Amino acid sequence: MTQAETTKEKCKGCDREIDICACCQEPDCPAAICYGCQGRELKQTIPQPHAHGG
Amino acid sequence: MSPRAAWRLETLGFKEVFDYVDGKVDWMAAGLPTEGTNAQHPRAGDMARKDVPTCGLTETLGDVKARVEAKGWNAVVVVSDERVVLGLLRARELAMDAAQPIEKVMRPGPSTFRPYVSLHEMLHFMVDHKLENVPVTTSDGRLVGLLLQKDVVAEMEKRNDAG
């Protein structure tokens with residue numbers, strides 16, 4: 001029995017393997033991006049400076 | 001603003017200064033007004049259509065489709081009683097079996113965007129990912145409206161023509 005080959009996308013931002021594009025959730029997205037990179041690119045999430053305040 | 005900035009403003013003579021604990025990004029994500037140079041740029045929340053049709057999880061696709069198409073839309077946002085976005089139906093889902101409940105046919109947990117994202121950035125994402133429309137929400141997931149790619153293109157062209 002042959003095992004089905006699963007191809008994973010790679011995030012265009014960090015090159016990490018992802019199951020599906022976080023933006024369009026479509027397979028084989030040419031601009032696949034992970035949730036974290038999308039948030040950072042659109043400034044929807046920002047890196048926190050210091051836990052103890054700035 | 002940060003507590004330090006709030007204290008500084010008080011030393012400059014401002015009388016009613018508040019520390020918005022959740023921060024600037026959360027303030028903008030709620031679609032609240034901002035000032036400064038960046039406030040002039042058009043944003044997703046300004047252009048998102050607030051009259052986008054919505055439906056609940058338990059309705060049937062046939063009922064929703066009839067209601068939506070009568071108003072000339074080809075997209076519906078699935079929301080909770082608190083108007084939190086739970087799913088999305090685009091043309092592809094609206095063409096499915098009319099007897100199915102919305103919960104079975106919707107795209108669950110669609111990618112959502114905050115109202116303060118610039119139209120320029122939104123257009124870039126929508127073109128790259130071939131998205132005709134995207135839901136715009138506050139940071140706690142409540143629907144602001146549906147942003148249509150054609151509206152963004154028209155607005156950008158208008159601004160380019162104006163110089």
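This is a predicted model: local features need pLDDT of at least 70, side-chain atom pairs count only at pLDDT 80 or more; totals for chains, interfaces and linings use all residues.

**Entry 1: a loop in chain A**

Where in chain A does A:Asp15 lie? I found A:Asp15 in the loop between S1 and S2 of chain A. (Helices, H or I with at least four residues, and strands, E with at least two, are DSSP runs numbered from the N terminus.) The phi of A:Asp15 is near 70°, a positive value in a residue other than glycine. I also looked up A:Asp28, which has a positive phi of about 60° although it is not a glycine. A:Asp28 sits in the loop between S2 and H1 of chain A.

Residues are numbered from 1 along each chain as its sequence is written, chains are lettered from A and ligands numbered from 1 in the order in which they are written, and side-chain values use heavy atoms, with hydrogens and water left out.

**Entry 2: chain B overall**

I went through chain B next and got eight helices and six strands. Along the sequence, the pattern reads α-α-α-β-α-β-β-α-α-β-α-β-β-α. The C-alpha atoms of chain B fill a box of roughly 65 × 40 × 25 Å, taken along the principal axes.

Then I picked out B:Gly56, in the loop between strand S1 (54-55) and helix H4 (61-70) of chain B. Which residues does B:Gly56 contact, leaving aside its neighbours within four places in sequence? I got B:Val78, B:Val79 and B:Ile102, where contact means heavy atoms within 4.5 Å. I also checked B:Glu103, 47 residues from B:Gly56 along the chain: their C-alpha atoms are separated by 8.4 Å.

**Entry 3: where the chains meet**

I counted 19 residues of chain B in contact with 19 residues of chain A. The two chains bury about 1,500 Å² between them, 50% of it on carbon and sulfur atoms. (Buried area is the accessible area, with a 1.4 Å probe, that two parts lose on being put together, summed over both.) On the chain B side, B:Ser111, B:Phe125 and B:His129 lose the most area to chain A, together 36% of what that side buries.

How many salt bridges are there between chain B and chain A? I got three, a salt bridge being a side-chain nitrogen of Lys or Arg within 4 Å of a carboxyl oxygen of Asp or Glu. One pairs A:Lys12 with B:Asp128, with the closest N and O atoms 3.8 Å apart. Helix H7 (residues 119-128) of chain B gives the largest share of the side that touches chain A, four residues. By class, that side of chain B has seven nonpolar, five polar and seven charged residues. (Ala, Val, Leu, Ile, Met, Phe, Trp, Tyr, Cys and Pro count as nonpolar, Asp, Glu, Lys and Arg as charged, and the others, Gly among them, as polar.)

Over all chains, the salt-bridge count comes to 12. A:Lys12 turned up again, in a salt bridge with A:Glu41 whose closest N and O atoms are 3.9 Å apart. This pair links distant parts of the chain, 29 residues apart: A:Glu41 is in helix H1 (residues 35-41) of chain A, and A:Lys12 is in the loop between strand S1 (9-10) and strand S2 (17-18).

I looked for gaps last. On a 1 Å grid over the protein atoms alone, a cavity is a set of points where a 1.4 Å probe fits but cannot get out, and a pocket is an open set with protein on both sides within 12 Å along at least five of seven lines; lining residues have an atom within 4 Å of a point. Grid points are joined across faces, edges and corners, and a volume is the space filled by probe spheres set on the points.

I got one cavity of 30 Å³ or more, and about 50 Å³ of space lies in the largest cavity. Its lining includes A:Cys23, A:Cys24, B:Arg90 and B:Ser111.

The largest pocket has a volume of about 910 Å³. Its lining has 25 residues, with B:Lys24, B:Trp27, B:Met28, B:Thr34 and B:Glu35 nearest the centre. Helix H2 (residues 23-29) of chain B gives the most to that lining, with five residues.
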